[in-house]
Amino acid sequence: MQQSAVPELAHTHTRPIHWVATATAVAGVVALSSVLQPNPATAAQAAGPETKKAPAVTAPPDPTGVAFPIECGPVKALVIKKATGDLDGDGRPETAAVVHCDAPMGTPPDGVYVLTRSADTGRPRVVATLVAPKERRSVTDFALRDGTVLATLLGYSTADVPSCCPDTKDSVKWRWKNGAFARSAPADSHTV
């Protein structure tokens, strides 16, 4: 029989100290794994090349700094009322804003505009004019409920009525229908 050139290795015979070291290492791994947990599992799959992510909910467009289609001369356009909500059913909020010129005297006519975020830049932009300032209307009550823009418009029956004293009052609403905002006026529209 030939003798091994390598002396007998000490670790080939198990001793109690080996079992203690192994148990300590396993306990350390278990303790560390209880501290370092993976993220919680979700039922949704990660987006891959063949799946699409749902659009993220974004903040409603802020009308501050938007170039509204209103001529104000040397004064600036002023947002006096705003309301936000999903008007077209796409899951992203829009902003409806009442705007007029910041005139030092008189009652400037209001414009009502709908803003959305640009798909490419994310910046707010005007997508619809619900009331143009040239209609000479003032907006009093203004709200957005269930995808509908609601407003009370004060106006003038003729061009002879002074700007100080509107003599018509209409409660109107706009709703997104067939790719555009449709205006309807309830039966309670009347002359003041």
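Biologist: Which residues have the most contacts inside the largest nonpolar core?

Modeller: This is a predicted model, where local features need pLDDT of at least 70 and side-chain atom pairs count only at pLDDT 80 or more, while totals for chains, interfaces and linings use all residues. Residues are numbered from 1 along each chain as its sequence is written, and side-chain values use heavy atoms, with hydrogens and water left out. A nonpolar core is a set of buried Ala, Val, Leu, Ile, Met, Phe, Trp, Tyr and Cys residues joined through side-chain atoms within 4.5 Å; buried means under 20% relative accessible area, exposed over 50%, partly exposed in between (1.4 Å probe, protein chains only). The largest core has 18 residues, and those with the most contacts inside it are Phe142, Val149 and Trp174.

Biologist: Which strands each supply at least two residues of this core?

Modeller: Strands (E, at least two residues) are DSSP runs, numbered from the N terminus. Those that each supply at least two core residues are E2, E3, E4 (124-131), E5 (138-145), E6 (148-155) and E7 (168-177).

Biologist: How many residues has the other core?

Modeller: Val66, Ile70, Cys101 and Tyr113 are among its members. This core lies apart from the largest one, and its residue count is 9.

Biologist: How many residues of E2 are buried?

Modeller: Glu94, Ala96, Val98 and His100 point one way from E2, while Thr95, Ala97, Val99 and Cys101 point the other way. In a regular strand, side chains alternate between the two faces of the sheet. In E2 both sets are buried, and for residues 94-101 the count is 8 of 8.

Biologist: Which residue is the bridge partner of alanine 97 in E3?

Modeller: Two strands pair if DSSP finds at least two bridges between them. E2 pairs in the antiparallel sense with E1 (residues 77-85) over 8 bridges, where leucine 78 stands opposite histidine 100. E2 also pairs with E3 (residues 111-117) in the antiparallel sense, over 5 bridges. In E3, the partner of alanine 97 is tyrosine 113.

Biologist: How many salt bridges does a search of the whole structure find?

Modeller: A salt bridge is a side-chain nitrogen of Lys or Arg within 4 Å of a carboxyl oxygen of Asp or Glu. Arginine 92 forms one with aspartate 90, with the closest N and O atoms 3.1 Å apart. Arginine 137 and aspartate 170 form another, at 3.0 Å from N to O. The search finds 2.

Note on methods: Helix = DSSP H or I, 4+ residues; strand = E, 2+ residues; numbered from the N terminus.
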